[in-house]
Amino acid sequence: MKSYSQNNQDNLVLEYLNNKTQGFFLDIGCCYPKTINNTYLLEKEFGWDGISIDIHDFIEPNGETWDNLRKSKRIIKDALQIDYLELLKENNAPKTINFLSMDLEPPDLTLECLSKIPFDEYTFNAILFEIDDEREPNFEHRKKESRKRLQSKGYVLLGNIGGQDDFYVHQSLKEINHDIDFFKSLINIGVPEHTIRYFNKNL
């Protein structure tokens, strides 16, 4: 299936959620409405809804805007200035949110924003957290701290794509997806083998 993400992240989420339809996402640092966007495919082809956030109003190279391409809610605001518990409650987000994508620039802001996510109130089936491994300053701290925080909240780190995105699933998906191989899944959806760092062989 055609991917709109940078490294097939959208198809990976669908793989682990069994091509779920009518899901709900929270996309922090969404960037363009379609190009290198992790939720466009989910919304357009699978009927998902959700909330996207970015500090900039990105317009597609061909001039298309968010309103031209998307129906889901977008907020143009500094992601660190948002009360996420209040935001999710005001928008009647389900207690189990199917996908959380986090990618702020510079990368240290993504780690800072992680502490603002109400993990005690909401569960996320799948999480993509961009660490920008080895490409940005402080990557070791960012990697270790984000992994420590997310694993302490019950999320299982499956692997990393291209040194950029750590991919997690909630521990409640262990039994449901115990037979899905992270490495093989990425190969099957077209991710180059050399970009995959495989951590957890026994989900």
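This is a predicted model: local features need pLDDT of at least 70, side-chain atom pairs count only at pLDDT 80 or more; totals for chains, interfaces and linings use all residues.
**Exercise 1. Salt bridges**

*Solution.* 
Step 1. Apply the criterion: a side-chain nitrogen of Lys or Arg within 4 Å of a carboxyl oxygen of Asp or Glu. Residues are numbered from 1 along each chain as its sequence is written, and side-chain values use heavy atoms, with hydrogens and water left out.

Step 2. Take E43 and R70. Their closest N and O atoms are 2.7 Å apart. E43 sits in helix α2 (residues 40–46), R70 in the loop between α3 (66–69) and β3 (73–76), and 27 residues separate them. Helices (H or I, at least four residues) and strands (E, at least two) are DSSP runs, numbered from the N terminus. Both E43 and R70 are buried. Buried means under 20% relative accessible area, exposed over 50%, partly exposed in between (1.4 Å probe, protein chains only).

Step 3. Take D57 and R74, which meet at 2.8 Å, N to O. D57 is in the loop between β2 (49–54) and α3, and R74 is in strand β3, so the bridge ties together parts 17 residues apart in sequence. D57 is partly exposed at 43%. R74 is partly exposed at 22%.

Step 4. Take R149 and E145, at 3.2 Å, N to O. They are four residues apart in helix α6 (residues 139–152), so about one helical turn separates them. R149 is partly exposed at 28%, and E145 is partly exposed at 23%.

**Exercise 2. Strand β5**

Work out which strands pair with β5, and in which sense.

*Solution.* 
Step 1. Two strands pair if DSSP finds at least two bridges between them. Strand β4 (residues 96–102) runs parallel to β5 over six bridges. I97 stands opposite F124 of β5.

Step 2. Look at strand β7 (residues 165–170). Five bridges join this strand to β5, and the two run antiparallel. F129 has D166 as its bridge partner.

**Exercise 3. D166**

Decide whether D166 is buried or exposed, and name side chains that its own side chain contacts.

*Solution.* 
Step 1. D166 has 0% relative accessibility, so it counts as buried.

Step 2. List polar contacts (pairs of N or O atoms within 3.5 Å; within protein, one must be able to donate a hydrogen and the other to accept it, and residues adjacent in sequence count only if both atoms are side-chain atoms). The D166 side chain contacts that of R147 at 2.8 Å. The N160 side chain contacts that of D166 at 2.9 Å.
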